[in-house]
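Me: I am new to this structure and would like to go through it step by step. Could we begin with the aromatic rings and then turn to the sheet and the helices?

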Amino acid sequence: MSLLGASGGTGVRHEPDPPVVRDYEPRDEPSWLRCRVLGLLATTCYDDVWPAKRRADLELVVADGDVTGVLDVSVPGTRATIETVVVHPDRQGRGIATALLAEAVRRLERCGVREVDAWTREDEPALGWFARNGFVEDRRYLQVYASPAEVGTVLSVKYGLEPVGAFLHARIEREAELRQRFERVHVCRRMVRELRP
């Protein structure tokens, strides 16, 4: 994105400074949580709300006062998983997520990680971003949210517990059938990128 310089509109265009990526700090938590919630609000993950930040092995942010982009990665060995990557809606399209990923990849490769993955749904902007950044889909399954009205069609009362909603997984082959029975069905995709050894 280019910005018009302070030259009074003479046509001189200046590129904005690249996002500055740094490690997450505990004082970032309130604006980290706001960034995550607001960034997910317009996606199929709109209800994945956390009251506190969950710890990850690699925690990066872009902040200009408040946090405007976050990327958290779990690293259990030579494979890593992106747990959260999100940009505040007012700052999207400025290369923040890509800058976060580039820094994460540099660090992961130095640590000997050979593969990084992430799970995402059918949000086209997210799928496009992963593809542009070298990720490919290697598997998928369904996530089904059964509403209070729908849950009785799949679960029954047992042990004195009455289901009032459910989050369920299913094989991708059942997509057409489940989309007819349930209002909220998502294709969950594993996106994978190989890293340099």
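Me: How many aromatic pairs does a search of the whole structure find?

Reply: The search finds five aromatic pairs. Rings of Phe, Tyr and Trp (its six-membered ring) pair if their centres lie within 6.5 Å; planes under 30 degrees apart count as stacked, over 60 as edge-to-face and the rest as tilted. One of the pairs joins Trp-32 and Trp-50: the ring centres are 5.8 Å apart and the planes stand at 25°, so this pair is stacked.

Me: Before we go on, what kind of model is this, and how are residues numbered?

Reply: This is a predicted model, in which local features need pLDDT of at least 70 and side-chain atom pairs count only at pLDDT 80 or more, while totals for chains, interfaces and linings use all residues. Residues are numbered from 1 along each chain as its sequence is written, and side-chain values use heavy atoms, with hydrogens and water left out.

Me: Back to the tryptophans. Which parts does the pair of Trp-32 and Trp-50 tie together?

Reply: Trp-32 belongs to helix H1 (residues 29-40) and Trp-50 to the loop between H1 and strand E4 (58-64), so the pair links parts that are 18 residues apart in sequence. Helices (H or I, at least four residues) and strands (E, at least two) are DSSP runs, numbered from the N terminus.

Me: Is Trp-32 buried or exposed? And Trp-50, buried or exposed?

Reply: Trp-32 is buried, with a relative accessible area of 0%, and Trp-50 counts as buried at 10%. Buried means under 20% relative accessible area, exposed over 50%, and partly exposed in between (1.4 Å probe, protein chains only).

Me: What sits over the ring of Trp-32?

Reply: The charged end of Lys-53 does, 4.8 Å from the ring centre. A charge sits over a ring if NZ of Lys or CZ of Arg is within 6 Å of the ring centre and within 35 degrees of the ring normal.

Me: How are the rings of Tyr-145 and Phe-167 arranged?

Reply: Their centres are 4.8 Å apart and their planes at 45°, so the pair is tilted. Tyr-145 is in strand E8 (residues 136-146) and Phe-167 in strand E9 (residues 166-170), so parts 22 residues apart in sequence are tied together. Tyr-145 counts as buried at 19% relative accessibility, whereas Phe-167 is partly exposed at 43%. Arg-184 lies over the face of Tyr-145, at 3.9 Å from the ring centre.

Me: Which residues form an aromatic cluster?

Reply: Trp-129, Phe-130 and Phe-135 form one.

Me: Now the sheet. In what order do its strands run?

Reply: The sheet is open and has eight strands, in the order E3-E4-E5-E6-E7-E10-E8-E9, with mixed pairing. Strand E3 (21-23) and E9 stand at the edges with a single partner strand each, so one side of each has no neighbour in the sheet. From one strand to the next, the twist averages 30°. Two strands pair if DSSP finds at least two bridges between them.

Me: How many bridges join E3 to E4, and over how many do E4 and E5 pair?

Reply: Three bridges join E3 to E4, which run antiparallel, and Val-21 stands opposite Val-62 in E4. E4 and E5 are paired in the antiparallel sense over seven bridges, with Val-73 in E5 as the bridge partner of Leu-58. Their hairpin has one residue between the strands, and Gly-65 takes a positive phi near 85° there.

Me: Where does helix H2 pack?

Reply: Helix H2 (residues 96-110) packs on the sheet, touching E3, E4, strand E5 (66-74), strand E6 (79-87), E7 and E10, and its direction makes about 145° with that of E4. Contact means heavy atoms within 4.5 Å. Axes are lines fitted to C-alpha atoms, for helices over the stretch in contact, and angles run from 0 to 180 degrees between N-to-C directions.

Me: How many residues of H2 are buried?

Reply: Eleven of its 15 residues are buried, so H2 is largely enclosed by the rest of the structure. Among them are Ile-96, Leu-100, Glu-103 and Arg-107. H2 is followed by Gly-112, whose phi is positive, near 85°.

Me: And what covers the buried residues of H1?

Reply: The covering parts include E4, E5 and E6. The buried residues of H1 include Ser-31, Cys-35 and Leu-40.
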